[in-house]
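Have a look at the model alongside them.

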Amino acid sequence: MKRGAKMTECIFCKIIEGTIPSVKIYEDEHVYAFLDVMPVTKGHVLLIPKTHRENIYEFSEEEAARLFAAAPKIANALKEEFDPAGMNLLNNTGEFAGQSVFHFHLHFIPRYDDTDGFQPGWLPKTSEFPSERLTELGHAIRVQLES
Ligand code: AMP
Ligand code: ZN
């Protein structure tokens, strides 16, 4: 599929077109935000670009800036309305990382307590990544960024 090509089989493109219903939270020229139909917690929102992009790798800098410009508005509205104890913003990129809808979306998951249903967590491998290894990895990534 060509970058930016219309993907009418995409469920989130259909939500933007209005052919699949959604509970709209926010919309501007470039982005659309709506309630997740299977929310993890009260106020679980998805923010998506109106132009089909499968994942972060496909964004231009301008597209990324336009998407993230809406994020503080949405986060503050959720904070004001629900007064959560915290909030997790996350994106799953690729099936292996848990992506199930292949139109980029940023999750906003207000957090209330330990039993609210969201289970973040990872196990830091500090012994595998001592500071010399981090220096090496940082260098390798910077080389990529500069190439
Ligand atoms: P992910 O697993 O990160 O790709 O997240 C996809 C999210 O999209 C899940 O949390 C689903 O509940 C949500 N979702 C799927 N279909 C719809 C829909 N029609 N309306 C709203 N949310 C949806
Ligand atoms: Zn799409």
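1. First, a term: a polar contact here is a pair of N or O atoms within 3.5 Å; within protein, one must be able to donate a hydrogen and the other to accept it, and residues adjacent in sequence count only if both atoms are side-chain atoms. On that basis, the side chain of glutamine 99 reaches the backbone oxygen of valine 101 at 3.0 Å. A polar atom of that glutamine 99 side chain also lies 3.0 Å from the backbone oxygen of glutamate 54.

2. Keep in mind that this is a predicted model, where local features need pLDDT of at least 70 and side-chain atom pairs count only at pLDDT 80 or more, while totals for chains, interfaces and linings use all residues. Residues are numbered from 1 along each chain as its sequence is written, and side-chain values use heavy atoms, with hydrogens and water left out.

3. Is glutamine 99 buried or exposed? It's buried, with a relative accessible area of 4% (buried means under 20%, 1.4 Å probe, protein chains only). Glutamine 99 sits in the loop between β4 (86-90) and β5 (106-111).

4. Now ligand 1. One of its oxygen atoms is 2.8 Å from a side-chain N or O atom of asparagine 92, and an oxygen atom of the ligand is 2.8 Å from a side-chain N or O atom of histidine 105. A ligand nitrogen comes in at 3.1 Å from a polar backbone atom of valine 37. Taken alone, ligand 1 exposes 500 Å², and the protein buries 85% of that (Shrake-Rupley method, 1.4 Å probe).

Conventions. Chains are lettered from A and ligands numbered from 1 in the order in which they are written. Helices (H or I, at least four residues) and strands (E, at least two) are DSSP runs, numbered from the N terminus. Buried means under 20% relative accessible area, exposed over 50%, partly exposed in between (1.4 Å probe, protein chains only).
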